Amino acid sequence: MNMKNISLLFLAITCAIMARSQVKAGNKNYSRMAYAKAAANYERALKKDSTDVSIWANLADCYRLNRNSVGAEKAYAKVVNSGKAEANHFLYYAHALMQNEKYDAALMALEKFKSASPTDERADQLQAGIHNLKSNLAKSGSYSIKTINVNSTESDICPVAYNGGIVFASNRKFVQWIDNSHSWSGKQFYRLYHANGNGANFGKPDMFASTLQTSYHDGPVSFNSTGTLMIFTRNNILSGKVGKDDQDIVKLKLFSSVLSENKWGIEVPLPFNSDKYSCAHPALTADGKTLYFSSDMPGGSGGMDLWKSDWNGTNWTTPVNLGEIINSPGNEIFPFIADDNTLYFSSDALNGIGGLDIFISQLNGSNFTKPENIGAPINSADDDFGLTYNTISKTGYFTSNRKNVGLNDDIYMFEKLCTNTEITILDQETKQPLGNAVVTIIENNSEIGTVQTDDSGKFIRCLNPSRNYEFRAKKELYSDNKSTLTSDQLLQAASTGSSVQISLLKKPENVANVGGKVFNEDDKSPIADQVVTLKNNSSGETKTTITDKSGKYQF
């Protein structure tokens, strides 16, 4: 063997050893959920040997879990094209494709996921989102959005109104003697900040409630209407002690604090917290008596679900799952309940545009309506979440990573330009509401969506006042009917909201046409204006009619 071949062999052996070393380090970091470090290890290993599908699969997961859709698409493509993909690889590949606005390819990936996992309903929901893409994008005239001036080069998320400004969470650079970054992302942990101002303009943010903050994740938060009660998310830390589950994972918990003499009191853990699951993303009603939040506690539909707990005067009650009308096998997170009982939340498994989409559901009594995608421009192909809304000013805030290749989040302000319209479907004779009626909405002669009424026979839609609408209602056993709203009518009702009522006439059941002729028995001449009575022998009901000029009658 000549020296050249020996050198090449030595180089190959060296590269193989280096690759194995990087894979071993990557696997160790992956098992510790240090996904940012693991990704760097796998990237270096693949430069030496790009044929190992298991490395591509782990790298794809690292990218996905750190919301790098471009990297995830590339890595999952390697896996699904290898012939060795598992069912979830097709699902995650489809997610990445949707976030990168490659919807046709996403549909194909979802079909493969359905073949591999036919009972999983997530594929149908995501495919519905792609098929409804035109409808969701058509809502873009209903809101205006713009970024606010507190955004940093890192992630800024989940703003809520408080004390003449907003409180939000951020992992922006924070000067400290000890590096305390999160191994999952390689970024610093989230801290809470407060900034004075309104609209899109705020002053310099300051640390908020610093005595309550820890060295780990703090936030997001929620307040009651008076700003005296705060519920907030933080890692499982109490009195400086870190709690972990059986797999050495630090979960998220919810804590409360009460404002007294302008100081936030000691944090109190909510009674349903656990080391075994996470409770996060609090949303208090204005009166502070009901708390909505997200959790992966047992009893849910899969992933993170939305739950609620009530204040009974002394403590928070056992949480109740919001049910399958809201929750899916995916993740439902970041709830917010507005003063008009509208629930806003994000989901990665309902019919969205891509990534996390924000959905709306109306609370009627104790039941929520079927969630509806809020549409563009609030939703995008990237992650959109953490929405809050003021029903009086018709303005609010939300979080999105749409401008940063999916890597960092910014806070956006939005203003509702549309007019809330309540559509009610009634029985024409009884005037009672008709649940499960199907209403097709036509906007400027183009169909933009179909909605099903709840038990109250109603639904609310925010309509663009510069456009004309037609509502076509139908229900089984009823005749179809329709109604219209013009742009002029919507503009006149912009401040108070508009309403539409559509009455449906129930079709007669078991109808038989009965007719005959009355004539003179002697000469067979017709008898006009003769009263004829028809009796129902079963019910005793009678009906009468009068013969016409030719002696004929008809029931």
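Visitor: How is a cavity defined here, and how many does the search of the whole structure find at 30 Å³ or more?

Guide: On a 1 Å grid over the protein atoms alone, a cavity is a set of points where a 1.4 Å probe fits but cannot get out. Grid points are joined across faces, edges and corners, and a volume is the space filled by probe spheres set on the points. In this structure, the search finds two cavities of 30 Å³ or more. The model is predicted, so to speak of local features requires pLDDT of at least 70, side-chain atom pairs count only at pLDDT 80 or more, and totals for chains, interfaces and linings use all residues. Residues are numbered from 1 along each chain as its sequence is written, and side-chain values use heavy atoms, with hydrogens and water left out.

Visitor: Which residues line the largest cavity?

Guide: Lining residues have an atom within 4 Å of a point. For the largest cavity, of about 40 Å³, they are H95, M98, L126, S347, D348, L350, G352, I353, G354, G355 and D357. This lining divides into four nonpolar, five polar and two charged residues, where Ala, Val, Leu, Ile, Met, Phe, Trp, Tyr, Cys and Pro count as nonpolar, Asp, Glu, Lys and Arg as charged, and the others, Gly among them, as polar.

Visitor: What lines the second largest cavity?

Guide: L192, A209, L212, Q213, D218, M230 and F232 do, around a volume of about 30 Å³. Five of these residues are nonpolar, one is polar and one is charged.

Visitor: Where are cis peptide bonds found?

Guide: The omega angle is the value to read. Strands (E, at least two residues) are DSSP runs, numbered from the N terminus. Another cis bond runs from A376 to P377, with omega near 5 degrees, and P377 sits in the loop between β22 (372–373) and β23 (384–390).

Visitor: Is F334, with its positive phi, buried or exposed?

Guide: Buried means under 20% relative accessible area, exposed over 50%, and partly exposed in between (1.4 Å probe, protein chains only). F334 counts as buried because its relative accessibility is 13%. This residue is not a glycine, yet its phi is about 50 degrees, and it is found in strand β18 (residues 332–337).

Visitor: Why does K524 count as exposed?

Guide: K524 counts as exposed because its relative accessibility is 52%. K524 also has a positive phi, near 65 degrees, in a residue other than glycine, and lies in the loop between β33 (515–517) and β34 (531–535).

Notes: On a 1 Å grid over the protein atoms alone, a cavity is a set of points where a 1.4 Å probe fits but cannot get out, and a pocket is an open set with protein on both sides within 12 Å along at least five of seven lines; lining residues have an atom within 4 Å of a point. Helices (H or I, at least four residues) and strands (E, at least two) are DSSP runs, numbered from the N terminus.
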